[in-house]
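Dear colleague,

Please find below the structure that I am handing over to you. My notes on its aromatic residues and its surface follow.

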Amino acid sequence: MYEGTYPNKRYKKTIEFLKKHVSENASILDLGVTNPFSEIMKQQGYAVENTKGEDLDIDTSSISNSNAEVVTAFEIFEHLLSPFTVLKSIKSDKLVASVPLKLWFSSAYRSKTDMRDRHYHEFEDWQFDWLLEKAGWKIKAREKWTNPTKKIGVRPILRWFTPRYYIVYAERV
């Protein structure tokens, strides 16, 4: 999945944020297929079920049929054409979601080999906030962090102080 890299900082920040806002015995519907981070959540005591790889732009039945207390969506919404539809279909009253932020010095990510590994959206924080608000969510907590690399160049230097990830805890209004 990560082609030789593992997002240690992102996973560490994400689990810290999740633990701060969601009790460890909560049942979670994690949008997206089972992945290394859903396994980390299970190791931390969460009861996690994942969607099955269906195209969530077209089929939200696994979301609307879930009785999970919390929905998580970590780096999922940028891949969807219509995240609004997914957000509206969630029955849970709690949501923890993260998105990569749009970087002014870099174009949107697009895998040349995997059609599902492409970003249709790369949000600015205010855009993601607005999307959540319009879909009936109120943000209770938020964080941003950078994603520095060990490469040399102007863009790698900018990544040291330009936030790349944005995470929110929201509740249904």
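Ile-157, Trp-160 and Phe-161 make a nonpolar surface patch of about 390 Å²; a patch of this kind joins nonpolar side chains (Val, Leu, Ile, Met, Phe, Trp, Tyr) within 5 Å, from residues with over 30% relative accessible area and no salt bridge (a side-chain nitrogen of Lys or Arg within 4 Å of a carboxyl oxygen of Asp or Glu). Areas follow the Shrake-Rupley method with a 1.4 Å probe, and for residues only the protein chains shown count as cover.

The model is predicted: local features need pLDDT of at least 70 and side-chain atom pairs pLDDT 80 or more, while totals for chains, interfaces and linings use all residues. Residues are numbered from 1 along each chain as its sequence is written, and side-chain values use heavy atoms, without hydrogens and water.

Phe-161 is exposed, at a relative accessible area of 55% (exposed is over 50%, buried under 20%, partly exposed in between).

There are seven aromatic pairs, meaning rings of Phe, Tyr and Trp (its six-membered ring) with centres within 6.5 Å; planes under 30 degrees apart are stacked, over 60 edge-to-face, the rest tilted. Phe-37 and Phe-74 are edge-to-face, because their planes stand at 80°, with centres 5.2 Å apart. Phe-37 is buried at 4% relative accessibility, and Phe-74 is buried at 12%. Trp-145 and Tyr-165 form a tilted pair, 5.9 Å centre to centre with 35° between the planes; both residues are buried. Ring pairs also link Phe-77, Phe-123, Phe-128 and Tyr-166 into a cluster.

Kind regards

Conventions:
Patches are made of residues with over 30% relative accessible area and no salt bridge: like charges are joined within 9 Å, nonpolar side chains (Val, Leu, Ile, Met, Phe, Trp, Tyr) within 5 Å. Buried means under 20% relative accessible area, exposed over 50%, partly exposed in between (1.4 Å probe, protein chains only).
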